[in-house]
Amino acid sequence: MDKRVALVPGEQTFQARIDAEEKIEPKDWMPEKYRQNLIRQISQHAHSEVIGEQPEGNWITRAPSLERKAILMAKVQDEAGHGLYLYAATETLGITREELIDRLHTGASKYASIFNYPSLTWADIGAIGWLVDSAAIVNQVSLQNTSYGPYARAMVRICKEESFHQRQGYNIMMTLMNGSQVQRDMAQDALDRWWWPSLMMFGPHDGESAHSAQSMKWKIKRRSNDDLRQQFVDQAVQQAEAIGLVVPDPDLQWDDARGHYDFGAIDWEEFERVISGNGPCNRQRLAHHKRAHREGAWVREAMAVHEAKQRLSNEDVA
Amino acid sequence: MKSDDPVTRYALRLGDDALILGHRLSEWMSRAPFLEEDIALGNVALDFIGRARLFYQYAAERVGGGVTEDTFAYTRDVREFTNLLLCELPRGDFAFTLCRQFLYDAFSLPFTEALAGSADSRLAAIGAKAVKESRYHLRRSRDWIVRLGDGTEESHRRCQQALDELWIYTGEMFETDQLIDELVALGVAVDTAELRRCWIETVSETLRAATLTPPTATADVSGGRRGIHTDDLGFLLAELQFMQRAYPGLQW
Amino acid sequence: MADQMQLYEVFIRSRRGLDHKHVGSLHADDAIQALEYARDVYTRRGEGVSIWVVASRDITASQESDCESFYDPLDDKPYRHAAMYALPEGVDSL
């Protein structure tokens, strides 16, 4: 092989490629900031899927019927799978899963704040599937067109698999609303608690989002926080009304001129409080993950040693 | 939810084994040593929950009168559960869970193969479906035993310890009683005593490959088939049945 | 790091008669385990009838910077494509 001089395209070529809706692939030249920005966003997304196993996983052993139990297991399992796809996408940027997990544990890397709320009743499983997954999907559908190839492909796969998640959640809510007064109250209480955190999932308003402008230019993000949030509200309000749930927002009303729902002010102080580590379950979520990782260390180590032994004995034979 | 029908009672035993083992496996979700294994354990757990549902559905049809699969899972007390004790032991560490799984899978594969030939066509159909799952389960759990047994000093020690603890619960898989004898005579039930040799072969071969020592304990602890359980099952049921107990008679 | 597993690339044939297609990657200790995990991770909804796994480090990839010498020379041979050859009116199935 002759050593050719690599023609490194500069930032201009890079941006031109993005502007032309071409995907960036792992071995392409990319600005270091683009790489870091992607690592931050994709790994945060991966961590969210993995930490997201917990609030729902809590109810696997308590699900009210065998069918619900199987559905919930399949859903939580999908979340682990989605975390895996996303870690793999992040790894193409030159960072290992081990390093990513380390960043999660040290707090250097965040996950979706919504998972710091507890899942207190069975209705919460309905609310999470319906609201949290719907919110996630609104965001993820837009990310199927993100500029980084491996991220976009992971999103396509994830969106395909997630379609059942929001439906099963809504189905739980619907079943509760068709049930006894106790069940309807349980469903309404869950909506009351999950509504605002779901709106917060889309992040700060466009004007205040630290990463938005650059991410939009690089097409890492395709639609703005407020834009996605509005779409979510428009969908969810209608879905709530269809089964007799009341959205806990006195300012909510349809705006004919805009063709959208107007909604009340989000409590950003609460958002800040939870994201900075002081939500109801931040400590438990992280402790749970650290513990599982620590308790699995001897298994991972044993695998590596076993593999090395096998390789050696194969070499002996050969 | 008592039934005197032998086939129903037999189906419930098999359903109970699958439900309780599946439940224990499901406790691992979000707790496995790494993500790939989280997903894989989830698949095995789902197979067992699915299997439990098939046995319970069949039993429910035989009992009739509005009884469903959930009646069996959620409204019976400890004394009415007839699963093997092996299935109900707490999940322990990863070595314990995988050793238990291996010891059970090594039994479950020849068992489901034999069940597929049952004179009862419904049980035979469940057996035929379960064989495919069991073949994969055994491949997986055998593979793990070898990796952990012939891994590090710590993994070997944990694995050996788990085996030693589990061993006394394995004899119960091969026990027969009046119900089994009666159904074996009709060609409905599997004569588990006949599976023992096959089980021992699989286990011995695997332990050898894993550099593990076959436990020497000769005593057997049993009672599950008669509803005599360890204390652990009551706590498992308290969790499993919480919703149906707190809000009886509702649809979810 | 002692517990660093290997990266494997996973290819799945979704139906008989189709090519294997790259679907993603995963961590495993060796090829056998990678195959088992590929089954659990990538075919939960019956997506495949056949799986290939390849250690990522065994893949030799063309370099983006090689593009000009690697692919451009192939791109000036329109005579390889049927579309270059015009057909008279009324002639098809050719």
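User: How much accessible surface does chain C have, and what share of it belongs to carbon and sulfur atoms?

Analyst: Accessible areas come from the Shrake-Rupley method with a 1.4 Å probe, and for residues only the protein chains shown count as cover. For chain C the accessible surface is about 6300 Å², with 54% of it belonging to carbon and sulfur atoms. This is a predicted model, in which local features need pLDDT of at least 70, side-chain atom pairs count only at pLDDT 80 or more, and totals for chains, interfaces and linings use all residues. Residues are numbered from 1 along each chain as its sequence is written, chains are lettered from A and ligands numbered from 1 in the order in which they are written, and side-chain values use heavy atoms, with hydrogens and water left out.

User: Which elements make up chain C, and in what order do they run?

Analyst: Helices (H or I, at least four residues) and strands (E, at least two) are DSSP runs, numbered from the N terminus. Chain C has 2 helices and 3 strands, and from the N terminus they follow the order β-β-α-β-α.

User: What is the radius of gyration of chain C, against that of a compact globule?

Analyst: The radius is taken over C-alpha atoms, and the globule rule is 2.2 Å times the number of residues to the power 0.38. Chain C has 21 Å, whereas a compact globule of 94 residues would have a value near 12 Å. The C-alpha trace of chain C spans about 65 × 35 × 15 Å along its principal axes.

User: What share of chain C is buried?

Analyst: Buried means under 20% relative accessible area, exposed means over 50%, and partly exposed lies in between (1.4 Å probe, protein chains only). In chain C, 31% of the 94 residues are buried.

User: Is Leu100(A) buried or exposed?

Analyst: Leu100(A), in helix α5 of chain A, has a relative accessible area of 0% and so counts as buried. Contact means heavy atoms within 4.5 Å. Not counting residues up to four places away in sequence, Leu100(A) touches Ile39(A), Ser43(A), His47(A), Tyr87(A), Thr90(A) and Ile95(A).

User: Where does Lys217(A) lie, and what does it touch?

Analyst: Lys217(A) belongs to helix α9 (residues 212–217) of chain A. Lys217(A) counts as partly exposed because its relative accessibility is 48%. Apart from neighbours within four places in sequence, Lys217(A) is in contact with Gln15(A) and Ile18(A). Phe14(A) is 203 residues from Lys217(A) in sequence, but 12 Å away in space, C-alpha to C-alpha.

User: How many cavities of 30 Å³ or more does the search find?

Analyst: On a 1 Å grid over the protein atoms alone, a cavity is a set of points where a 1.4 Å probe fits but cannot get out; lining residues have an atom within 4 Å of a point. Grid points are joined across faces, edges and corners, and a volume is the space filled by probe spheres set on the points. The search of the whole structure finds 4 such cavities.

User: Which element gives the most to the lining of the largest cavity?

Analyst: That is α12(A), with 4 residues.

User: What is the volume of the second largest cavity?

Analyst: The second largest cavity holds about 120 Å³. Its lining has 16 residues, with Leu14(B), Arg51(B), Phe55(B), Tyr104(B) and Phe111(B) closest to the centre. α5(B) gives the most to this lining, with 6 residues.

Conventions: On a 1 Å grid over the protein atoms alone, a cavity is a set of points where a 1.4 Å probe fits but cannot get out, and a pocket is an open set with protein on both sides within 12 Å along at least five of seven lines; lining residues have an atom within 4 Å of a point.
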